[in-house]
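Please keep the sequence and the coordinates at hand.

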Amino acid sequence: MQPMNDVSFETALDERVEDMLDACTRCGKCVDVCPSVKPAGIGAASSEDIISGVLDIVRSGEGPEASRKWAASCMLSGECIKACDYGVNPRFLLAMARLAIAKAESELPDRRRLGVERYRGLSRDVTVLSRLQLHGEVLERLGQKTASVSTPVEAPDFVFYTGCNVLKTPHIALLALDIMDVLGVTYQVMGGPSHCCGILQLRSGDAEMAARMGSGTMEKLSHSKSGQVISWCPSCYVQFTELTLPTIERQGGSRPFEMTPFLRFLDGRLAQLKPHLQRRVEMKIALHRHPGVAGVMEAAAEILEAIPGVELVDLNQPAVGLQSVSVGALPAFKRELQLNELQAACEAGVDALVTAYHSDHRELCAHERDWPFRIINILEVVGDSMGLHRQDRYKQLKIMQDADQIVSECSDLIAQHALDVGKARDVVVKAMLGDQPLPLNRGSRPVEQDASDVESA
């Protein structure tokens, strides 16, 4: 590929989109396999008409209602990608359809303002919730504070890219680092709002700012011996591998790095990991599954099955979406899925329902209060077998279900980080206690959910 440095990011993106539009035959196979179609209420519409309408939306911002609903209800499950015989990424086209709709509905200043507001809100929530749980030196280890602008003396084997929201449940990210330490992997940690992937700007309809944010972060991520970035966040992974990296490649002729999800990275080193899995973990486990990143759930299952003492059981529940937060595109469907899975886990007599991603853990962990099994992250199980432990302070705090009590429990850290108590309480209410799509039960038995329950943002 010849360098095209005089071509702007948006021009290169438009060219990629045009190539996909030309390649799409409108056969409708992507619609046929999509798990969003039925719960979105568009199952009666023709698959060919729905995808044809999506192409119209991408070109003009206008299209039939069923196509608009399909774009809006995308959970990023990725089944559409596997179904296409022509090299088209329908998930990417749906993202471009949502971008086109946003552009058609509001002017750039309004879209840019919305992107800034969302970015500031995320930054506030991540900053406060991580500081309610961690001392300064641990934040530094996670690439925050002064570490966010530091440059290592020697290039590491890998860059470990956390994304932003895993910092709300920092024990997960810390266990990932502990595991890499045992394996002898050298890395630099990057992530948090200062290393944004640009997804909030794209969702707000501001492709130019999304490109600026993503490109700036990419430059920081590109300094490792291997040219490899190990990523944690699946949303960041999709943003980089389906939007930013291919567009940069088209624009300039090459990619600055390749990106691998952490669980696939760990599974690829399973032979190296197994000798460290020395402690038996006598647990009957069910894995909470989201298939949106190819191979991650399979990797998670292989890792769990390699742990002595673990019995992995299949609850035979639907596996949809990129991660739990992505299923929020269909809130009632999401609540039904979560309740059914909790009930199935109870009936199966599991010791633990194990999550892969951070948003899964945030949304489900407090249900541990009401059900006869633990809700833990996969890295906690791996860590137990390796003799590694990190306190899940997020779950401890969230189970309290009392903002004032939580703030009181965290008073020392609030003082250490000079946080405003009132603002910290607001974040606890909104970003911790409000992050509860399926309401907690009042007692120990499951209850039917009221249709008026509102999905949190």
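Ala, Val, Leu, Ile, Met, Phe, Trp, Tyr, Cys and Pro count as nonpolar, Asp, Glu, Lys and Arg as charged, and the others, Gly among them, as polar. With those classes, the lining of the second largest pocket splits into 9 nonpolar, 7 polar and 7 charged residues. Note that the model is predicted.

Stay with this pocket. The second largest pocket holds about 390 Å³ of space. Its lining counts 23 residues, and the closest to the centre are Pro291, Gly292, Val293, Ala294 and Gly295. Helices α5 (79-83), α12 and α15 (296-305) each supply at least two lining residues. Among the contributors, α12 gives the most, with 4 residues.

The structure has 3 cavities of 30 Å³ or more. About 230 Å³ lies in the largest cavity. Which residues lie nearest the centre of the largest cavity? They are His288, Arg289, Gln317, Pro318 and Glu341, out of 18 lining residues. Helix α16 (residues 331-348) provides the largest share of this lining, 4 residues. By class, the largest cavity is lined by 8 nonpolar, 6 polar and 4 charged residues.

The second largest cavity contains about 110 Å³ of space. Its lining has 15 residues, and Cys24, Cys27, Cys30, Cys84 and Pro90 lie nearest the centre. Helices α2 (29-33) and α6 (90-105) each supply at least two residues of this lining. The class count here is 11 nonpolar, 2 polar and 2 charged residues.

Next come the rings. The structure holds 7 aromatic pairs. In one of them, the ring centres of Trp232 and Phe262 are 6.0 Å apart and the planes meet at 50 degrees, so the pair is tilted. This pair links distant parts of the chain, 30 residues apart. Trp232 sits in the loop between β3 (228-231) and α12 (234-252), while Phe262 belongs to helix α13 (residues 262-268). Are these two residues buried or exposed? Both Trp232 and Phe262 are buried.

Another pair joins Trp371 and Phe373. Their ring centres are 6.2 Å apart and their planes lie at 35 degrees, so this pair is tilted too. Trp371 and Phe373 are both buried.

Trp232 and Phe262 also belong to an aromatic cluster, together with Phe158, Phe160 and Phe265. A charge meets a ring elsewhere in the list of contacts: Arg16 lies over the face of Phe92, at 4.4 Å from the ring centre.

Definitions and conventions
Residues are numbered from 1 along each chain as its sequence is written. This is a predicted model: local features need pLDDT of at least 70, side-chain atom pairs count only at pLDDT 80 or more; totals for chains, interfaces and linings use all residues. Side-chain values use heavy atoms; hydrogens and water are left out. Rings of Phe, Tyr and Trp (its six-membered ring) pair if their centres lie within 6.5 Å; planes under 30 degrees apart count as stacked, over 60 as edge-to-face and the rest as tilted. Buried means under 20% relative accessible area, exposed over 50%, partly exposed in between (1.4 Å probe, protein chains only). A charge sits over a ring if NZ of Lys or CZ of Arg is within 6 Å of the ring centre and within 35 degrees of the ring normal. On a 1 Å grid over the protein atoms alone, a cavity is a set of points where a 1.4 Å probe fits but cannot get out, and a pocket is an open set with protein on both sides within 12 Å along at least five of seven lines; lining residues have an atom within 4 Å of a point. Grid points are joined across faces, edges and corners, and a volume is the space filled by probe spheres set on the points.
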